[in-house]
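Come along and look things up with me.

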Amino acid sequence: MTENKKGTLTKKAKKEKVSSPTSGFRVIVREVVKDKIALTAFILIVLILLLTFGGSLFLNADKVSETNIIDAYYSWGTAGHFLGTDDGGRDIVNLLIMGSRNSILIGLGVTVICESVGLLVGLISGYYGGYIDAVIMRIVDFIQVLPAMPIEIVLVSVIPHYTPLNLVLIISFFGWTSTARYFRAFVLSQRERDYVLASKTSGSSDLKIMFREVLPNITSMVIIDVVLMIAGNIGIETTLEYIGYGLPPTIPSLGTLIGFANDPVNVVSRPWLWLPATILLLVISLSINYVGRALSRAGDARQREN
Amino acid sequence: MWKTVLRRILIMIPQLIILSILVFFLAKMMPGDPFSGQINPNTDPKQIEALKRAAGLYDPVPVQYARWVGNLFKGDLGTSYIQHVPVTSLIADRAVNTFWLSLFSTVISYSIAIPMGISAGRHQDEWQDQAVQIFNYITLAVPPFVFYILGIWLFGFTLGWFPISGSISPNASGFWGTLGSEIYHIILPGTLVALITTTSVVQYLRTGIVDNKVEDYVRTAHSKGVPEKVVFNKHILRNSLLPIASSFGTVITGLLSGSMIVESVFSYPGMGKLFLDSIGQRDYTTLTALILIFGFLTLLGNLLSDIIMSIVDPRIRIK
């Protein structure tokens, strides 16, 4: 984060504020559009989403994962398969589309749960403080020192009738704590602000203060955290999938494709299996994170105005 | 000082107890028991039942838990269902490899991160700083295993500079031969891990330097006429290096949790690889023991972090 840049952003934002009072969200959007790289990253994300989610509409999930050993290991550009086929004769392009859609969906699902739980816990913990806060924070501390990935792997392999929802819940169990901690710290700093005290004095209920007054003040932080968290969760999902403990085996994911790199033969002579997926994951992670960071810079600029 | 350390250790005790209960129930959830590996068509099911009863598998859960904890204190983590050897010896073999890999990456990581952090903080907003920021952004954004795969593909397979699996070459002999071969196997995975773990140290150091630059004591030093170089090295740097000491514990925990991925990509026979192998073979005693060890080491890493922090920063002690 460059201090100078922040300064100029603040100035710019101030100038605009004089002409027309804008909402926080619009300031953020404008800052992102101004940043050319962030805009490119954003367009990339939209394109990937359109291709994967749009493309998956034209694909039959059962057909994509149907195996046909005769067509196995076609190289790129042969027999009408643009990126070749895998060990079961499945088309890599189709697998990429379905796989990234699934990985993104899992990432989104985990993020929705973690953000909701984390936000709620953070609000309660930060707003009430004292005893409640101490108890909640000890629990958060404890979950954070647990070895997340080994436990996730064990749970994935012992749960009977394992479904994608199980995976979302398992990852979420470890994921909400950092969000809760992040929002708690911020709510704690808002607790003694005049607007909260004024609202309390005028008899507003705690719930109203938390959700109608404190929450709107942290919306920009929520947006930033959501964006960064989606990227992080896609990373966790693909990592688990890569070592073989993600979604049920019949459901394709970016990680399963990258997992072909576990076999030295594939690494050397069949790069079409894993290289496109690896590059796609690289592009997805880099773009989402860049947009997230641009948002947080813009958020800082807005924060300074207040 | 000792009070803080003592209090911090006392906090760890309930955490340890809850961890052990959690691991115990996780173990109970796993299918199989010590005898499932020994059953063949000729064994009498009644005999197995008797054996199970004798081993206390039908005792009340609290009794089983107490016995399990008692065994832990005796250093007995159970016997592997699959390999039929004590889990402790199985893990000890692998732990040595993980230890060397972690040590190597820690040393490399700090020796890259400190110069990076210093140059980013000193040349704030100049090209050095921007280069470091870009590097940090990339290593933070992309899941580590992507770097490992690209690294092993490029340097292991394509260029053939480094071995692609194992911790030692089978035909290495003699003290120096063995040592050389071991180091040769560690270089690629160790360096890749090191590059990825630099982020937190670099950020701590950079922020520290940037913040300290504008402190009053620095202005005082400047106005006293202390040369620029001395102000930076003796005043700013010394104060900014303190917080990175505390990141040591976190770095260690990060290495442990990351060991599984890197060892899996490089087929490096460490604890992480053992964990993945055990889950593949459904060797649940080994799994349970490993989760317990991972959890314990994470707790220890955090403890270390807090203790170092309280040593370098007296303000924390007073609180």
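**Entry 1: contacts and fold of chain A.** I am working with a predicted model. I started with contacts in chain A between residues at least 6 apart in sequence, and found that 69% of them join residues at least 24 apart. I then looked up the secondary structure and noted 14 helices and zero strands in chain A. Read along the sequence, the pattern is α-α-α-α-α-α-α-α-α-α-α-α-α-α. Chain A has 306 residues, and 42% of them count as buried.

**Entry 2: helix α11 of chain A.** I picked out α11(A), which covers residues 219-242. Its 24 residues, at 1.5 Å a residue, should span 34 Å, and I was pleased to see that its end C-alpha atoms are 34 Å apart, which agrees. Is α11(A) largely enclosed or left open? I found 19 of its 24 residues buried, so α11(A) is largely enclosed by the rest of the structure. After the helix comes Gly244(A), with a positive phi near 100°.

**Entry 3: two helices packing.** Next I looked at α5 (residues 92-128) and α8 (residues 164-190), both of chain A, which pack at an angle of about 35°. Their axes are 6 Å apart. I wrote down the crossing of α5(A) and α8(A) as right-handed. In the contact of α5(A) with α8(A), I noted 19 nonpolar, eight polar and two charged residues.

**Entry 4: the cores.** Which residues touch the most other members of the largest nonpolar core? I found Leu257(A), Ile258(A), Val291(A) and Leu290(B), in a core of 112 residues. Helix α14 of chain A (residues 271-305) gives this core its largest share, 14 residues. Apart from this core I found another, of 13 residues, including Met116(B) and Val202(B). I also followed up Ile258(A): leaving out residues up to four places away in sequence, it touches Thr238(A), Tyr242(A), Trp274(A), Ala277(A), Thr278(A), Leu281(A) and, from the other chain, Ile149(B).

**Entry 5: where the chains meet.** I looked up the contact between the chains and found 34 residues from chain B and 32 residues from chain A. On the side of chain B that touches chain A, the helices that each supply at least two residues include α1 (2-29), α9 (228-265) and α11 (284-312). The largest share of that side, eight residues, comes from α11(B). I sorted the residues of this side of chain B as 26 nonpolar, seven polar and one charged.

Terms used: Residues numbered from 1 in each chain as written. Chains lettered and ligands numbered in written order. Predicted model: local features only at pLDDT ≥ 70, side-chain atom pairs only at ≥ 80, totals over all residues. Helix = DSSP H or I, 4+ residues; strand = E, 2+ residues; numbered from the N terminus. Buried ≥ 20, exposed ≤ 12 C-beta atoms within 10 Å, placed from the backbone. Contact = placed C-beta atoms within 7 Å. Expected span 1.5 Å × (residues − 1). Core = buried A, V, L, I, M, F, W, Y, C linked by C-beta atoms within 7 Å. Nonpolar A, V, L, I, M, F, W, Y, C, P; charged D, E, K, R; others polar. Axes fitted to C-alpha atoms, helices over the stretch in contact; angles between N-to-C directions. Left-handed = near helix turned anticlockwise from the far one by under 90°.
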